[in-house]
Number of protein chains: 2
Amino acid sequence: MTDIKPLLKRLYEINKEIMLYAGIYNLLDWDRAVLMPKMGSLHRADQLSLMMTSIHERMTSKELNDIIQTLSKKENFDKLTELQKALVKRHEWKLSRLNKIPKEHVEEFSKLAGIATMKWEEAKDKNDFAMFLPYLEKIVAMKKKEASYIDPERHPYDVLLEDYERGMTIEKLDKVFAELKKEIMIILNKVKSSKHYNNEKTLDGLKFSEQEQKQTCMEIASMILGTDERFLIARSVHPFMTTISPDDFRITTSFRSEPFFSFSSTAHESGHALYESQYPKELAGTILFDAPSLGLHESQSRIWENQVCRSMQFWKYYYKKYQKRFDALKNISLKDFFKMINVVKPSLIRIEADELTYCMHIIIRFEIEKQMIEGTINIKDLPKIWNSKYKQYLGIEPKSDALGVLQDVHWSQGSIGYFPTYALGTMYSAMIFNQMLKDNPKLESEIAKGDFIYMRSWLKEHIHKYGASMATAEIIKKAIGRELEHKDLIDYFRKKYYMIYKL
Amino acid sequence: MTDIKPLLKRLYEINKEIMLYAGIYNLLDWDRAVLMPKMGSLHRADQLSLMMTSIHERMTSKELNDIIQTLSKKENFDKLTELQKALVKRHEWKLSRLNKIPKEHVEEFSKLAGIATMKWEEAKDKNDFAMFLPYLEKIVAMKKKEASYIDPERHPYDVLLEDYERGMTIEKLDKVFAELKKEIMIILNKVKSSKHYNNEKTLDGLKFSEQEQKQTCMEIASMILGTDERFLIARSVHPFMTTISPDDFRITTSFRSEPFFSFSSTAHESGHALYESQYPKELAGTILFDAPSLGLHESQSRIWENQVCRSMQFWKYYYKKYQKRFDALKNISLKDFFKMINVVKPSLIRIEADELTYCMHIIIRFEIEKQMIEGTINIKDLPKIWNSKYKQYLGIEPKSDALGVLQDVHWSQGSIGYFPTYALGTMYSAMIFNQMLKDNPKLESEIAKGDFIYMRSWLKEHIHKYGASMATAEIIKKAIGRELEHKDLIDYFRKKYYMIYKL
């Protein structure tokens, strides 16, 4: 009989170290984006890589492999608590991927991605896809190889997808995205046929003082996060959220010419932060102190960014205060403001897309990357394919590759299978919000009073408290009683846009 | 014949990792002091300790021990470059200390220091020395034990001193501090006898706007550091300087009721930063990218804080600009301002001491800690001994232990032998400045024009360029042609204070 106690002790010790390293990695990365003198970037890359290697060494050590193998044996596994079982299973899954990729492949890919990201940046600056092409070809080839190392029997895109959205498959995505695409295009065409379309007033060009924008960012973060003191908001070029430790969560924001951007993105990042801050204490120091998938994580940001912060209820509560901060809003009514932050207008850049067309950007990327991995398109044709899809789905066409196929960093870093999580999160958020409305008919009137106590606690109880101890599909099923579907999001869009555009 | 190439390669690889860990440790610590949400402190302590352990493991690994042993053999050592020799010798010295202290002792002491520091803080808050006493007794006992592990033949205080000021001994300190004490007391008594004494106007109570203080901090840092872009100034409770990487140096400042504090301390920290930023590139990524001793490091901060930023020359250049920033200075002439920042007034708190009496605070601490280690005083009598020395040397007596023996954090952390480096740095700075004046008779007129190019380059050429590849005494001897002495500092004091107090 194996004494599992010392094994569990070591398992927790190793987990603690991994999570400390991960938090340190995140601080190095946060500091790089927020504060570091620019010249520090070369040494910082070495520091980040040292932390990454330290995590990888621990995640794949013989000691951990042996512990997990022993604890997975039925006679031992049966003795574990539910959380211990989940921890062992998550390690088993991670090992089943990490152990299969040769070290040389990992190292070669890491170097390639570094160079490819630089080349992508340069190609984007110079609007020259040809410059990026050979690197993207290598990236795709190596990602296919990686997938075949992990499981040569499965569709390589399914294997890659698992890194970001475990449990999701091409089959499911094809189905849900086809429906989503069809329905969004129907709504979009209706909106386009409205006499109000293209006549809406927008916020573009209005000037909001940065100091006041900062204040509203602080306010929305506090509304979402409550009285928690474990947060910090700073400024970076691209907004993001990161966790340094279970008592240290950081949000960044950025101020753009679009005057609503900082508010909206801070709501988004605060939603991510609320999720991580509500993981249960007993998961701290283990790899279960995490989300089961990026899609579920994204749902937690979208729900605050969209269902709350683009809703009439929220602005009934907050508009007076917000309006007072910005002279440019002096003569703009609540109703007009609400329309202005919900204008539909197909555009070229994903991160600037309106709420309705956002998912179309994702579907385009999904369709293209799937075919890249399947080898059914020639990568050198990407600009042509990209542009024709934009034309076909959104009725607009990029004038340059910088505004088209070169706009996102993801592929240059090897993140293939990442994009779908944005749309999945968007669909999950609509499903979750619907369920909350069912569970609490007063929710909308609470939001109209700026009262988010119920929302925070519902999300904690039904989503956050599991950390990564349960799969996304299970969590959704348990919380909502259904599986992923596009309907909630489409209903939400219909309701909102038919009202705004008087359809 | 040993092939030393692969050994050297590994030595540099290990050094690189050690320095990366050290930089990460410094970032974690900087962030803790500057930004971290307070609640993050427990996890941060774990992160810091993980980095510290990683450094310690590499510094004491069998692999490194073997490499150093092999490279130290005459037939191999002779083949090394001068820098490689210095690197091997520094490792040899570090190993000769680290290897001798049992791991259990290190761990026990680390825990004790953690608790003792908390207890010290509490005791200081409550003004209750008895609360701290048992911890200080344990600290002293364990430090004596540590010294006996390292070398039972040498005076334990000499052994401890080496951690901070390698090459320094009790014998030398006794001699130089006795002279320094005598001479300072002579000057102090003369100053006290001046009719101007105690009638001087001071800056106390003047209000300087924080925004403008920030600006002057930026200005003095830029003057000292030149056009370098590898710096960042932030704010923390206690000012400090730390190095994250050879391209990332951070200074912190703090705003106190004393309106000159932020300026003066920023000059001090910028001096430290200039030192580290002028270590030669070829030392980067090795443990020679460091100062040979804290005393020499301190000289590089003092020289800017005192010889430059409390001099008439400097203020001839800068006062007009500085005065404009602060309404409170409107009616204060350059001459009066110069006197105000050079007022002599014995006071109880070391970090608030004037330039003349500062070293007396150090000498008191040195005399006491030496006797603590020798066991010739009873630690429970510390408050009494402390107070009587303040009475005897400075003519003032603390009304509470919080303002007396409990004021500094050092002993609670086990830093015994650290205090003398402050006074050593102060003496070195006077010697170095004198030498610069000899080498460049125009130096003072350059300072009066805000031109620090010569100073920066002299310091680089004679002090900074060695990093830790040479001992402090050697560097001083080579730069100045003499050994440490108190005279330069005393001459500087005499010249300054006899003029100000019209003696």
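Which residue stands opposite Arg250(B) in E3(B)? Leu232(B) is the residue that stands opposite Arg250(B).

## About the model

This is a predicted model, in which local features need pLDDT of at least 70 and side-chain atom pairs count only at pLDDT 80 or more, while totals for chains, interfaces and linings use all residues. Residues are numbered from 1 along each chain as its sequence is written, and chains are lettered from A and ligands numbered from 1 in the order in which they are written.

## Chain A as a whole

Chain A has 21 helices and three strands. Both kinds of element are DSSP runs numbered from the N terminus: helices are H or I with at least four residues, and strands are E with at least two. Along the principal axes, the C-alpha atoms of chain A fill a box of roughly 75 × 50 × 50 Å.

The radius of gyration of chain A is 23 Å, which agrees with the value near 23 Å for a compact globule of 503 residues. That radius is taken over C-alpha atoms, and the globule rule is 2.2 Å times the number of residues to the power 0.38. Of the 503 residues, 42% count as buried. A residue is buried if 20 or more other C-beta atoms lie within 10 Å of its own, exposed if 12 or fewer, and partly exposed in between, with C-beta atoms placed from the backbone.

Now back to E3(B), which covers residues 248-253. Six of its six residues are buried, so E3(B) is largely enclosed by the rest of the structure. On one side are Asp248(B), Arg250(B) and Thr252(B), on the other Phe249(B), Ile251(B) and Thr253(B), and all are buried.

E3(B) pairs with E1 (residues 231-235) of chain B in the parallel sense, over five bridges. With E2 (residues 241-245) of chain B, the pairing is antiparallel and runs over four bridges. Two strands pair if DSSP finds at least two bridges between them.

In chain A, H15 (residues 358-374) packs against H17 (residues 420-439) at an angle of about 140°, with the axes 8 Å apart. Axes are lines fitted to C-alpha atoms, for helices over the stretch in contact, and angles run from 0 to 180 degrees between N-to-C directions.

Tyr358(A), Cys359(A), Ile362(A), Ile363(A) and Phe366(A) in H15(A) meet residues of H17(A), including Pro420(A) and Tyr422(A). Residues are in contact if their C-beta atoms, placed from the backbone, lie within 7 Å.

## Where the chains touch

How many residues does the contact take from each chain? It takes 27 from chain A and 27 from chain B. H1(A) gives the largest share of the side of chain A, seven residues. By class, that side has 14 nonpolar, five polar and eight charged residues.

## One lysine

Lys389(A) lies in H16 (residues 382-394) of chain A. Lys389(A) counts as partly exposed because it has 19 C-beta neighbours inside 10 Å. Leaving aside neighbours within four places in sequence, Lys389(A) is in contact with Ile364(A) and Glu367(A).

Methods
Two residues are in contact if their C-beta atoms, placed from the backbone, lie within 7 Å. Ala, Val, Leu, Ile, Met, Phe, Trp, Tyr, Cys and Pro count as nonpolar, Asp, Glu, Lys and Arg as charged, and the others, Gly among them, as polar.
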